[in-house]
Amino acid sequence: MFRFLLKRLALTLPTFLALMLVTFLMIRLVPGDPIEVRRGERGITPERLEQLRHEMGLDQPVLKQFLDYVWGILNGDFGVSIVSRTPILDEFIKLFPATLELTICAMTFAIALGIPAGVYAATRRGGVADQTLMGLALTGYSMPIFWWGLLLILVMSNTLGLTPVSGRIDLIKYYFQPVTGFMLIDSVLSGQKGAFLDAVRHLILPMIVLGTVPLAVIARMTRSSMLEILGEDYVRTARAKGLSAARVVGVHALRNALIPVVTVIGLQTGTLLAGAVLTETIFSWPGVGKWLIESIGRRDYPALQGGIMLISTMVILVNLAVDLLYGLINPRICHGG
Amino acid sequence: MKKTMFAAALLAATALSGAASAKSLAYCSEGSPENFSPSMNTTGTSLDAARPVYNKLVQFEPGSTTPKPALAESFTISEDGLTITFKLRAGVKFHSGVNGFTPSRDLTADDVIWSFERQWKADHPYAKVSGGAYDYFNDMGMPDSLDSITKTDDLTVVMKLKAPNAPIIANLAMDFATIHSAEYAKFLMDKGTPEQFDQMPVGTGSFQFVDYQKDAVIRYKAFEGWAGKPKVDDLIYAITPDPTARYAKLKANECQVMIAPNPADLEAMGKDPDVNLMSQAGLNIGYLSMNAQKPPFDKPEVRQAIAMAIDRDAILKEVYQGAGQKAKNPIPPTMWSYDEATVDYEYNPEKAKEILKAAGVAEGLATDIWWMPVQRPYNPNAKRIAEMMQSDLAKVGLTATLVSFEWGEYRKRLQAGEHQLGLLGWTGDNGDPDNFFFLAGCDKDGKPAGQNISKWCDPKFNELMLKARSSTDMAERTKIYQEMQKLHHDGVAWLNIAHSTVFEPTRKSVSGYKISPFGAHEFQNVDVAE
């Protein structure tokens, strides 16, 4: 197990290096630099442009800039935002809990509905329930996030008045300092009456919007994986032994069917973080996705580089955790080497 | 540790729960500020975030372009126009309790001098703090204008200029000229955290800074200072980047004032029983620059022919969709010195064709039209305008290709004069006509200044511009600017397209809100019915 872990960690090193290089170069290939972008109509004299580029270190050779950047990261220094002048790591740590909270809730929502839906559809293969559920899953999978978010706001918030439009909490009614950065926890800690329920209400729409695609993927994957397992000999044996249908499906079949589902969940985590960029913009959710979008607009190189590196690290770690989970779900998979 | 944090959270909650019954106003803003020091910012979002906290020596009267005394009770300009003496208001208090700072004194001349010298003198202790790029101070030519800023006593500031400069009072009403607390600066420097100066602002304004959570919210509370107590107790900026979401929040009463509505929502807003859709002619101009250094556009008659070839009424109708006014002068009609007498070029493709023929422009001549890749207040859809112009030019025998670049790159290339025809525009900063005319100005050697992308240089126009700057007589300046509008029109320094209309939706419960001609958002006189 330990050797497996070391091996996997060693394998992530080239991934990190490639990531650093690609993000570094991609951002610089986009035309316009941070100084010109903020000038707009006003323009800038070539002399002043040179002076500001020099102050920001943008006049250094690209290779030197890259090496400085890698050296900084090796020393745990992700740089300072060109725009706000605060360290990238500080900004990330402040914003990441919001994204994490949303991602965890969206994933929980997707798993909690996706797996039962997939199992139910598999046990009623070809029936009305199966076709309806899979039709819905296909719709969910192809839903454009932006449109889906705005539609939900229009119906749920503006027409029915059931949920708030956006944000994480009612800013007029409640005010407390963030302690953990997770609104669900902070609202409880604040002791303010109704704050927790208000935070939950604010989470509902973004959670549904962000969770829709993974929900669809998980449901479809669970269904096909279950169908495969339900046809296996050992499932037939279990049935022949006289076990209840619930036990056959829930214990014998589902546990084995979950392996590909867990892989999909791991992969979807990356997709979720990408989806969070749009969801956070629609719902004014102060997370890292929105922050990255703004950083692109402002050509805030350090924020983009640091932000993408940190998010990628999360995705790599989640995938590593998924690999380790296989062993727990299916003891036949042994990481001993 | 955890226990302490929990206790702190509880304490904060208890202390603040009383605030829930106070009168609050939520404003749906567009984004997070870069920082809270206006001298270092150029974006409306950042300037809006600092404005509740600060004051200037002179300030624009809400909703107007007229500068009025603010922190300066009065000011006098010497006869030679070289000395401005500001008499400061006595007893002006700074906010207390922000970031652990308690002011020990009222506003003095030292604060004024400190605020300007930070932007001006490289050896100022705060000159390099937070990056130290003071764009507006430099853009408005302050380093070239200022000779010295001194005090004669604690409440008198004397500003000496190198040359008479009439627009300087309007310049001083701009946000970069905000007055900070020198004592707070020293307090933070002694603490070793000078960068907090730009993150946790202390000023004399109607609202005191309370808290800022990046990308989420900025909170302020009412401050009873020299200007009296504002009408609401809590001011909340709910950061909401998407315009459709902003409107949804306005409808749900999650905010009462919002910035920048989506043009597609305007019709619905107009019919919404809860929304008051305010509008005002914008202090802006959208124009088509014709590069006067590139043939055939170096000939004035060719530029005139282009002015006649383009159907601007159709552009107004289709692109501005009525939310704009056709422009015949480079300054908007709401600005003093606007010349009503200007006779605009009429749309006449036949005549344009004749002029082009007479000027020797060959049928089918290839040219380009540059369009900017971004939506601007003065131009909602540059690409569509360029396409319409392309088809208009085809009718008079010119073949235009459309060109665009990333926004920063686009502006740079226009400034370098790479284009033949290019779309751009301007939004006014300070309500002084000079702030528009300088766009067509040239330097002493007759070379176009950086902002002059048409590369049009008329010595007479320049001479008048300098003369207007050195005069403090409003009537004389008006006359000069009207003459300049004639020169601009006859020489077609650029083709004026439109002045767009600015829209600001508020809830009907909001009173006292005024649209600022500069796109500023101000709340000191705003009330909200509960």
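**Figure 1. Chain B touches chain A through 53 residues of its own, which meet 47 residues of chain A.** Residues are in contact when their C-beta atoms, placed from the backbone, lie within 7 Å. Several elements give two or more residues to the side of chain B that touches chain A: α1 (2–17), β1 (24–29), β9 (217–222), β10 (234–239), α8 (243–251), α14 (407–415) and β17 (421–427) of chain B. Helix α1(B) gives the most to this side, with 8 residues. By class, the side of chain B that touches chain A holds 24 nonpolar, 15 polar and 14 charged residues. Nonpolar means Ala, Val, Leu, Ile, Met, Phe, Trp, Tyr, Cys and Pro; charged means Asp, Glu, Lys and Arg; the others, with Gly among them, are polar. Helices (H or I, at least four residues) and strands (E, at least two) are DSSP runs, numbered from the N terminus.

This is a predicted model: local features need pLDDT of at least 70, side-chain atom pairs count only at pLDDT 80 or more, and totals for chains, interfaces and linings use all residues. Residues are numbered from 1 along each chain as its sequence is written, while chains are lettered from A and ligands numbered from 1 in the order in which they are written.

**Figure 2. Chain A has 13 helices and 0 strands.** Read from the N terminus on, its elements run α-α-α-α-α-α-α-α-α-α-α-α-α. Its C-alpha atoms fill a box of roughly 85 × 55 × 40 Å along the principal axes. Of its 337 residues, 39% count as buried. A buried residue has 20 or more other C-beta atoms within 10 Å of its own; an exposed one has 12 or fewer, and a partly exposed one falls in between, with C-beta atoms placed from the backbone. Now take the contacts in chain A between residues at least 6 apart in sequence: 74% of them join residues at least 24 apart.

**Figure 3. The largest nonpolar core has 151 residues.** A nonpolar core is a set of buried Ala, Val, Leu, Ile, Met, Phe, Trp, Tyr and Cys residues joined through C-beta atoms within 7 Å. I218(A), V261(A), L25(B), Y27(B), L57(B), I236(B) and A238(B) touch the most other members. Helix α9 (residues 195–230) of chain A gives the most to this core, with 19 residues. Domain 1 and domain 2 of chain B both give residues to the core, so it lies between them. Look at Y27(B): leaving out residues up to four places away in sequence, it touches I236(B), Y237(B), C255(B), V257(B), H521(B) and F523(B). A second, separate core has 65 residues, including M335(B), M389(B), A400(B) and A493(B).

**Figure 4. Chain B is assigned domain 1 (1–53 + 205–256 + 509–530), domain 2 (54–185) and domain 3 (284–501).** These bounds come from an automatic or database domain assignment. The C-alpha centres of domain 2 of chain B and domain 3 of chain B lie 35 Å apart. Their contact takes 13 residues from domain 2 of chain B and 12 residues from domain 3 of chain B. The side of domain 2 of chain B that touches domain 3 of chain B has 9 nonpolar, 4 polar and no charged residues.

**Figure 5. Four strands of chain B form an open sheet in the order β4-β5-β7-β6, with antiparallel pairing.** Two strands count as paired if DSSP finds at least two bridges between them. Strands β4 (72–77) and β6 (146–153) of chain B stand at the edges with a single partner strand each, so one side of each has no neighbour in the sheet. Neighbouring strands here are turned by 20 degrees against each other on average, direction ignored. Strands β4(B) and β5(B) (residues 83–88) pair in the antiparallel sense over 5 bridges. I77(B) stands opposite I84(B) in β5(B). Helix α3 (residues 109–120) of chain B lies across β5, β6 and β7 (156–161) of chain B and runs at about 165 degrees to β6(B). Axes are lines fitted to C-alpha atoms, for helices over the stretch in contact, and angles run from 0 to 180 degrees between N-to-C directions.

Figure 6. Most residues other than glycine have a negative phi, and most peptide bonds are trans. P296(B) is in the loop between β13 (284–290) and α10 (300–309) of chain B. S130(B) counts as buried because it has 20 C-beta neighbours inside 10 Å. S337(B) lies in the loop between β14 (324–326) and α12 (349–358) of chain B. With 21 other C-beta atoms within 10 Å, S337(B) is buried.

Technical notes. Two residues are in contact if their C-beta atoms, placed from the backbone, lie within 7 Å.
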